[in-house]
Amino acid sequence: MGDMSNSDFYAKNQRNDSDRVAGFGCSVMELRSLMELRGTEAVVKLQEDYGDVEGMCTRLQTSPTEGLTGAQADLDKRKEIFGKNLIPPKKPKTFLQLVWEALQDVTLIILEVAALISLGLSFYQPPGDSSGAYCGAAAGGGEDEGEAEAGWMEGAAILLSVVCVVLVTAFNDWSKEKQFRGLQNRIEQEQKFQVVRGSQVIQLPVADIVVGDIAQIKYGDLLPADGVLIQGNDLKIDESSLTGESDHVKKEANRDPMLLSGTHVMEGSGRMVVTAVGENSQTGIIFTLLGASTEEEEKKEKKDRAAEDGHRNTVKKQDGAAAMEMQPLKSAEGGETEEKEKKKPSVSKKEKSVLQGKLTKLAVQIGKAGLLMSAITVIILVLYFAIDNFVLQKLQWLPECTPIYIQYFVKFFIIGVTVLVVAVPEGLPLAVTISLAYSVKKMMKDNNLVRHLDACETMGNATAICSDKTGTLTTNRMTVVQCYVADVHHKLIPDPGLLPPKTLDILVNSIAINSAYTTKILPPDKEGGLPKQVGNKTECSLLGLVMSLKRDYQTVRNQMPEEKLYKVYTFNSVRKSMSTVIKLPDGSFRMYSKGASEIVLKKCSYILNEVGESRVFRPRDKDEMVKKVIEPMACDGLRTICVGYRDFSGNPEPNWEDENNILTDLTAICVVGIEDPVRPEVPDAIQRCQRAGITVRMVTGDNINTARAIAIKCGIIHPGEDFLCIDGKEFNRRIRNEKGEVEQERMDKVWPKLRVLARSSPTDKHTLVKGIIDSTMTAQRQVVAVTGDGTNDGPALKKADVGFAMGLAGTDVAKEASDIILTDDNFSSIVKAVMWGRNVYDSISKFLQFQLTVNVVAVIVAFTGACITQDSPLKAVQMLWVNLIMDTFASLALATEPPTEALLKRKPYGRNKPLISSTMTKNILGHAIYQLIIIFTLLFVGEKIFDIDSGRNAPLHSPPSEHYTIIFNAFVMMQLFNEINARKIHGERNVFDGIFRNPIFCTIVFGTFAVQIVIVQFGGKPFSCKPLDLEKWMWCVFLGLGELIWGQVISTIPNSRLRFLRRAGQLSKKDDLPEDDGNEDNEEIDHAERELRRGQILWFRGLNRIQTQIRVVNAFRSSLYEGLEKPDSRTSIHNFMTHPEFRIEDSTPSIPLIDDTDDDSARRRKIYSSQPSSPNKNNNAIDSGINLTIDTSKSAASSSPASPLHSLETSL
């Protein structure tokens, strides 16, 4: 990341003077030092050096109103002098580095060493001709000269196959890296920003912004570069990403004009001149420091490698690029030793998903079993050989025979290692990565831009989706279809002649001036298309109304340019209205206001009548208006907006900061009903969700009637069902107790039936999501997806298991907090995400089913074969080939199956469903039995069946036998056909279903078959193969085809017959649980949690103690939890315990342990607790204790009953 060494800095300093020559009145370093100042210091410095912002613009050769000219030469010159607006990413690893990393795999290293020893020894010839007599059976008589020559072949072949495996692995890693880079670029290109060039407002990719650009900033933006504010309305910035201070900083051109890259605009709007980009901006400087320190570390490391490696590794591996949002998932190639190494650094919390956790665990367990088996194999072989030769045949150990004996031992060792190679499923993590990377790439086409890999797979388990209405379920092409103006309710847009001219004028002015000047309606792109709406869609609909009244809003705006606006109260979720104050020519002020009708009408005291005069607007008129106008509009599914105005005298000037007195006594001009039609594909998508066991809930800021009407159109609610449609007020009344705290018990009564939540604040959205996630009512924890577009949706998006941000309408803040960006803002893309997520899970299961069958068979065959016949029927090189097709190619073939509609016909898997279902266990065992029977039959009676020489007990370096070739060939054929079986994991009959939709699968199966033919016919000595004739080939293929028939037999056996299989599934469940909640790689905690699940009996004993502790904790709690930020956790035990700030008090860990138990123990707790009221009280204490929410008030609340309830806004 930081390729800026000190020399660069000096070079830049030297360049200062040449900058001046280049015609700019200030240099990079001057601007950089200016941007490091804050507040009044900055203002003073600006005035001293530049006069004011205008002066600065002049020196940067730009105009504060018209921006840069946009001439290419000028832009290039600026980029050359002031730098580009991008922070160079860390260099990707080269292919050779990846090869080197793949070579670090322990099993491969062992193999290489063994192969080298075997290679070296094969050239040794014992002295004398009668070596046979010397060394007994060891040397064996079967060797003619030619064969002895070929002794080196096996070693060479092993080395060759190791090279193959390494290259394939490295290539996979490399293509994976490349995909992530591509994705990263895609995410960066997605971010555009509004700048003024040649007095036109255009959207530019962030990377194209240069110093001197005039950027327009508005609510919800993430600032792309450093700049100085030229003019701002009510601008508030959240600078916590740089300073760590969570309070919003008010920015004004004359008080604190410094805007820094990477900070968020929380309110208001404005314009700034860009002064520093890329590496010279404040964020860039931090990244550069990060990158530079990483590189220094690496250099230091090269010098003193001998020094403690471990500690520094972590520094090295954490990408200096915090900007690289997506570090590729490390595929844990090979044994567990490697695994542990990799788990510590680099895999960030977000990146290691539930599935990844389960698989890593599984791989480690299988690896351990393989290690054990291979060790036993080697020991048995060595002992058998020693006893046979030195005890039974009473041979002496002769020095000249030593190399031959050693060669035998090396052969045994190689056999042992091959067992290990086959046992360790290094394909597992690879399969996940391939599957995820493939899905992510394909999801791009389905308009899902995935920012965090595991979100893709979590989506497959989603049980609830909380969706916004506007823009997600609806088209977000707003049009005014009804209006109430001049005491008449028009069902269609009236002719302008019918309206009083005075009213019309005020209405047009009000709409044109009191809306963001960036909102425009542009002519359509194509002939006959709809006009293009740019900016806020609600405002676009109002501007559309002005145009249908045959007026032009642009002329009004030209008369009253943005600089002349006196004061702007921008829209935010508290005000729910927007107001603009202008100064009239006679010195008095007029304020135009618009907003949600029920909110603005409350503030109206007058209304314009049929001749355009204002008359008094009494409360009972308001009620009538609501009944006669607003409710009918809302029941048609329209959004209602009220437009009003108020005049103030110019002297004395009102106190504009006192909002409550300013925003009252308005005069209503009109009420409009805006239609936002439901997207045509949404009802179908929602129906598919409901079929797939996912509940869709609508959370919207609209009023309840509009929301209900749209919900019925979408099919979220069906008339006659038992469901809840409530608004924010009612929702809070139901879930909070007298003290105003949210109670999980009350929440659990509300959420299962809730379908529509209207007029909801961002806090309500967050509360709802948290309530559903924390609920213990259902057997499985709910997995919640949330969509959001506004800055205020950030907390809910972060809290949800998967956050979807809108790509078109979404603010940068929302995108930052999200996991997936919907590039077309369309709800049906979410359904696609669910499909892909489930597909990932299924792909992995398919691969597992295939892989484990091969593992079981190969390990047992090698083990038993070695013990009975002193030689593995499958040779090292053959095993490596099987390993290659099994692991690498099969993971490619099975992990790239495209999703089918059938995936949406079943309920979601729970979070703690075992990876290997009982059907899969049945398939694995069934196929393993078939393969073992065939192979052992071939091994022990094969020579009689085929009438060939037996290959058993062959001496060292003997030529390959037809017998063993048949075994190898049949084995591979069975794997190939079983790969087709593995395509279905739910016990379906037709395994060929849709096989041609996956070209990769077909290619790999046919490719493997072709290579197998080549190996058997021409592999010769290196592969220990002897060419087979057609008849024997037909037999091998026939035995393979038997797999398909056998597969049908297996799927006929009902699962209920096989009781023990259920237990098999259960077993893996216990192992998976710890990984499930939080994906912390904390071994001790895993044990702790496992003990916790096992030892529920201890609950009863410890109960009294716990109750005492709760009382103690209750007393302490107010002081303990004040001001603690919410840990980014899924309320899991280990996250809680591993957070350093939580080890406060010995008794504290006992809090979370209670709430996180299974619900049955919670039930027992109620029965056993001594005081009748305690369960509720405890739960409440626990609840507010563990889930340290953003509301600081909640933690204090139970200790001080009267504590005020802060809203999210104030305490965020």
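**A surface patch, a covered helix and charged side chains**

L167 sits in helix α10, where helices (H or I, at least four residues) and strands (E, at least two) are DSSP runs, numbered from the N terminus. The structure is a predicted model, in which local features need pLDDT of at least 70 and side-chain atom pairs count only at pLDDT 80 or more, while totals for chains, interfaces and linings use all residues. Residues are numbered from 1 along each chain as its sequence is written, and side-chain values use heavy atoms, leaving out hydrogens and water.

L167 counts as partly exposed because its relative accessibility is 40%; buried means under 20% relative accessible area, exposed over 50%, and partly exposed in between (1.4 Å probe, protein chains only). Together with F95, V163, F171 and W174, L167 makes a nonpolar surface patch of about 430 Å². Such patches are built from residues with over 30% relative accessible area and no salt bridge, nonpolar side chains (Val, Leu, Ile, Met, Phe, Trp, Tyr) being joined within 5 Å and like charges within 9 Å. Helix α10, residues 152-190, gives the largest share of this patch, with four residues.

P501, in helix α19 (residues 501-513), is by contrast exposed, with a relative accessible area of 63%.

Charged side chains come next. Across the whole structure, 41 salt bridges are found, each a side-chain nitrogen of Lys or Arg within 4 Å of a carboxyl oxygen of Asp or Glu. In one of them, E267 pairs with K236, their closest N and O atoms being 3.9 Å apart. This pair links distant parts of the chain, 31 residues apart, with E267 in strand β7 (residues 264-276) and K236 in strand β4 (residues 226-238). E267 is buried, at 15% relative accessible area, whereas K236 is partly exposed at 24%.

Another salt bridge joins E624 and K628 at 3.3 Å, N to O. These two residues are separated by about one helical turn because they stand four residues apart in helix α23 (residues 619-635). E624 is partly exposed at 45%, and K628 is exposed at 54%.

The salt bridge between E897 and K846 has its closest N and O atoms 3.7 Å apart. Its partners lie 51 residues apart, E897 in the loop between α33 (876-895) and α34 (918-946) and K846 in helix α32. Both are buried, E897 at 3% relative accessible area and K846 at 9%. Elsewhere, salt bridges that share partners tie D234, K250, R575 and E659 into one network.

Two aspartates are buried without a salt bridge. For D676, in the loop between β20 (666-675) and α25 (682-691), the nearest side chain of opposite charge is K469, 4.8 Å away. Its side chain does make a polar contact with that of T474 at 2.6 Å, and another with that of T475 at 3.5 Å. A polar contact is a pair of N or O atoms within 3.5 Å; within protein, one must be able to donate a hydrogen and the other to accept it, and residues adjacent in sequence count only if both atoms are side-chain atoms. D824 is likewise buried with no salt bridge, R679 being the nearest side chain of opposite charge at 5.6 Å, but a polar contact of 3.0 Å joins its side chain to that of S829.

Definitions and conventions:
Accessible areas come from the Shrake-Rupley method with a 1.4 Å probe; for residues, only the protein chains shown count as cover. Lys and Arg count as positive and Asp and Glu as negative; His and the chain ends are not counted.
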